[in-house]
Every structure is written in structure tokens, then in C-alpha cells.
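Here is my note on the structure, as numbered points. Please read it with the model open.

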Amino acid sequence: EYEVKVGGGRSLWVIPNHFSSKRGGASADARREAQAERAAKIYRERRKRGEELVAVVGDLNDTPERPILDALLRRTDLKDISALPAFEDDGLPGTY
């Protein structure tokens, strides 16, 4: 976790990640799912402490619709930035 002072006495908490590769079948899926659970737990702990600005960032090595990322994208209030109307990928959608 990193704390970035953004002014006005506020901080942005950044939780960087690089989830396990999709190669490896079911064991890789299980590892990414565990990583998503842990990142979600850290996120919830920060929010419970009153932090308003918390970002989970990085390469999650999966697509958002797969259940592997449910802990992050469906069991928290986190949003996939690429789903926001103002998001522009310049034709390069990136990876998850």
C-alpha cells in the first residue's frame, strides 16, 4: 500500500497488484482468486478506517466479467475504470 498526499489533509491510498498469470489452468485461477480476496480485504480495511480515496490498481490478469475477480468487482464498491463514461483508451484497451 502507498499513501499519496493529495492536499487539504487528504490522502489517496494506492493498493498496487500484479496478479498471477492465466497460464496454469485451475491452479492459476485459484491463485488469482485468492489475490483478489486479499486485495479486497485490504481495500475494505482502509475504507473501514475512514479512508475515502482508495484505488486498487495493476494488472489483474483476467477479464472483469469472470468470477475470479468477484471479490473486487462485485463484493466491494470498487469500479472498473474502463467502464466509466469518461475513460478513454485511445484504441488500446489494455489488460486486466
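1. A word on naming comes first. Helices (H or I, at least four residues) and strands (E, at least two) are DSSP runs, numbered from the N terminus. The model is a predicted one.

2. Overall make-up. The protein chain holds two helices and three strands. Along the sequence the pattern reads β-β-α-β-α. Of its 96 residues, 30% count as buried. The C-alpha atoms fill a box of roughly 45 × 30 × 20 Å along the principal axes. Among contacts with a separation of 6 or more, 58% come from residues 24 or more positions apart.

3. The sheet. Three strands form an open sheet in the order E1-E2-E3, and the pairing is mixed. E1 (2-7) and E3 are the edge strands; each has a single partner strand, so one side of each lacks a neighbour in the sheet. On average, neighbouring strands of this sheet are turned by 30 degrees against each other, direction ignored.

4. The antiparallel pair. How many bridges join E1 to E2? Five, and the two strands run antiparallel. Tyr2 has Val14 in E2 as its bridge partner. The hairpin of E1 and E2 has two residues between the strands. In that hairpin, Gly8 takes a positive phi near 65 degrees.

5. The parallel pair. E2 covers residues 10-18 and E3 covers residues 53-59. They pair in the parallel sense, over seven bridges. Pro16 stands opposite Val57 in E3. His18 has Asp59 in E3 as its bridge partner.

6. The crossover. Which elements make the β-α-β unit? They are E2, helix H1 (residues 25-48) and E3, and the unit is right-handed.

7. Helix H1 itself. H1 has 24 residues. From first C-alpha to last it reaches 35 Å, close to the 34 Å expected at 1.5 Å a residue. Its buried residues are Ala28, Arg32, Ala36, Ala39, Ala40, Ile42, Tyr43 and Arg46. The cover over these buried residues includes E2, E3 and helix H2 (70-73). Note that Arg32 and Arg46 are on the buried list.

8. The loop between E2 and H1. Ser20 lies here. Is Ser20 buried or exposed? Its relative accessibility is 16%, so Ser20 counts as buried, the cut-off being under 20%. Leaving aside residues up to four places away in sequence, Ser20 touches Arg31, Arg32, Gln35 and Asn61. One of these, Arg32, is also among the buried residues of H1.

9. Asn61. This residue is found in the loop between E3 and H2. Asn61 has a positive phi of about 50 degrees although it is not a glycine. With 18% relative accessibility, Asn61 counts as buried. Asn61 is also one of the residues that Ser20 touches.

10. Thr63. The loop between E3 and H2 also holds Thr63. Its relative accessible area is 27%, so Thr63 is partly exposed. The side chains of Thr63 and Glu65 are joined by a polar contact of 2.9 Å.

11. The segment after H2, at Ser82. Ser82 lies in this segment. At 29% relative accessibility, Ser82 counts as partly exposed. A polar contact of 2.9 Å links the side chains of Ser82 and Asp80. What separates the C-alpha atoms of Ser82 and Pro93? The separation is 8.0 Å, and the two residues are 11 residues apart along the chain.

12. Asp90 has a positive phi of about 50 degrees although it is not a glycine. Why does Asp90 count as exposed? Its relative accessible area is 67%, and exposed means over 50%.

Note on methods: Residues numbered from 1 in each chain as written. Predicted model: local features only at pLDDT ≥ 70, side-chain atom pairs only at ≥ 80, totals over all residues. Heavy atoms only, no water. Pairing = 2+ DSSP bridges. Right-handed = clockwise from strand over helix to strand, strands pointing away. Expected span 1.5 Å × (residues − 1). Buried < 20%, exposed > 50% of the residue type's maximum accessible area, 1.4 Å probe, protein only. Contact = heavy atoms within 4.5 Å. Polar contact = N/O pair within 3.5 Å; in protein donor to acceptor, adjacent residues only side chain to side chain. Axes fitted to C-alpha atoms, helices over the stretch in contact; angles between N-to-C directions.
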